[in-house]
Amino acid sequence: MEKERLADSLPLPFETAFFKKEDRSLPPFQSFAEPENVDSSADLAADKEDTFEEQFSKNAAEVARALSESVGKPSHGIHLDGSMWWKEVGVERRPDGVVCKWTVIRGVSADGAVEWEDKYWEASDRFDHKELGSEKSGRDAAGNVWREYWKESMWQDYTCGVMHMEKNADKWGQNGKGEQWQEQWFEHYDSTGKTEKWADKWCSLDPNTPLDVGHAHVWHERWGEKYDGLGGSEKYTDKWAERSEGDGWSKWGDKWDEHFDLNGHGVKQGETWWAGKHGDRWNRTWGERHNGSGWVHKYGRSSSGEHWDTHAPQDTWYERFPHFGFYHCFENSPQLRSVKRQPPPPRK
């Protein structure tokens, strides 16, 4: 296995280049979006999810390739660029009966400035538990450190016969100045139609870094959604940022959430807020109550004196079912499904 090939497959630039070219601007806030227009964020979440699923497919293929290429190959070597690598393979038997086959590849550049470790594994039991995963980490002489972890699994609940599929990823990086970023993703599906998805991202820069007006040293972004499989759903987003201003911090953010039952009855609500370094604050809240009558109760207020409370004729729209559900996930996971079950123990 060539290390150059593996490096090209990393989905995000964990190495030094990331910290030289990072975008210091904030993610797009919905700060002054009209309440009835916040549903446009659903398209953004869908685009992110498509990218997430594509990356999982690539990661699964890479794990399958790494494990298959490890059989009967040398355990160490030197690349043409002078970098050295070492490989270990093994089998772990977990207490719950799951057997895990793994490969670890460690390496160091010719000048000793970069070190890395890549681990790949697949696991299964005698029944329907199957798992694929990898973990990559490294560091360099400039003080940059990075780590990437992802795993996908499937199993059946034999008490009720429901199949489950789960995917999660965690990526983190830090440069020599202590600036960090991290993003985490999670998805869970079951064959009854229940679905849960969420993502959590944050980034922090050196508080002494000069920034343009409106930019921040720390930002966070979270979003998530749940579906009960019957037509009810919940969604939320929460974004906020922090800026160092010498003798204090200013902060601002935007969030919204919605909750609907299978009959289309529910609430949409949100808040935009700002807090200055001297304790001054401002916020605006808004809400919509939907009851299936064809009229929507809209209300809101702000700390600067704004206030509204009206009823308006309006159709109710919300996402009753995920556009990517259990059977999409099942069909999109051929490598995971191809993991072989463990044979039964020999009879005595």
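Visitor: Which residue in E16 is the bridge partner of Trp 295?

Guide: The partner of Trp 295 in E16 is Pro 313. This is a predicted model, where local features need pLDDT of at least 70, side-chain atom pairs count only at pLDDT 80 or more, and totals for chains, interfaces and linings use all residues. Residues are numbered from 1 along each chain as its sequence is written, and side-chain values use heavy atoms, with hydrogens and water left out.

Visitor: What makes E15 and E16 a pair?

Guide: Seven bridges join E15 to E16 (residues 307-313), and the two run antiparallel. Pairing takes at least two bridges found by DSSP, so these strands qualify. A strand here is a DSSP run of at least two residues, a helix one (H or I) of at least four, both numbered from the N terminus. In the hairpin of E15 and E16, four residues lie between the strands, and Gly 305 takes a positive phi near 105°.

Visitor: Where is Ser 293 found?

Guide: Ser 293 sits in the loop between strand E14 (281-290) and strand E15 (295-302).

Visitor: Why is Ser 293 called partly exposed?

Guide: Its relative accessible area is 46%. Buried means under 20%, exposed over 50%, and partly exposed in between (1.4 Å probe, protein chains only), so Ser 293 falls in the middle class.

Visitor: And why does Ile 78 count as exposed?

Guide: Ile 78, in strand E1 (residues 76-78), has 63% relative accessibility and therefore counts as exposed.

Visitor: What makes the link between the side chains of Ser 293 and Asn 291 a polar contact?

Guide: The two side chains are joined at 2.6 Å. A polar contact needs a pair of N or O atoms within 3.5 Å; within protein, one must be able to donate a hydrogen and the other to accept it, and residues adjacent in sequence count only if both atoms are side-chain atoms. The 2.6 Å value lies within that limit, so the name applies. The side chain of Ser 293 also reaches the backbone nitrogen of Trp 295, at 3.3 Å.

Visitor: What makes strand E13 mostly covered?

Guide: Seven of the ten residues of E13 (residues 266-275) are buried. E13 pairs with strand E12 (residues 249-260) in the antiparallel sense over ten bridges, and ten bridges also join E13 to E14, again antiparallel. Trp 256 stands opposite Gly 270 in E13, while Thr 272 has Arg 284 in E14 as its bridge partner.

Visitor: How many helices and strands are in the chain?

Guide: The chain has five helices and 16 strands, and of its 348 residues, 46% count as buried.
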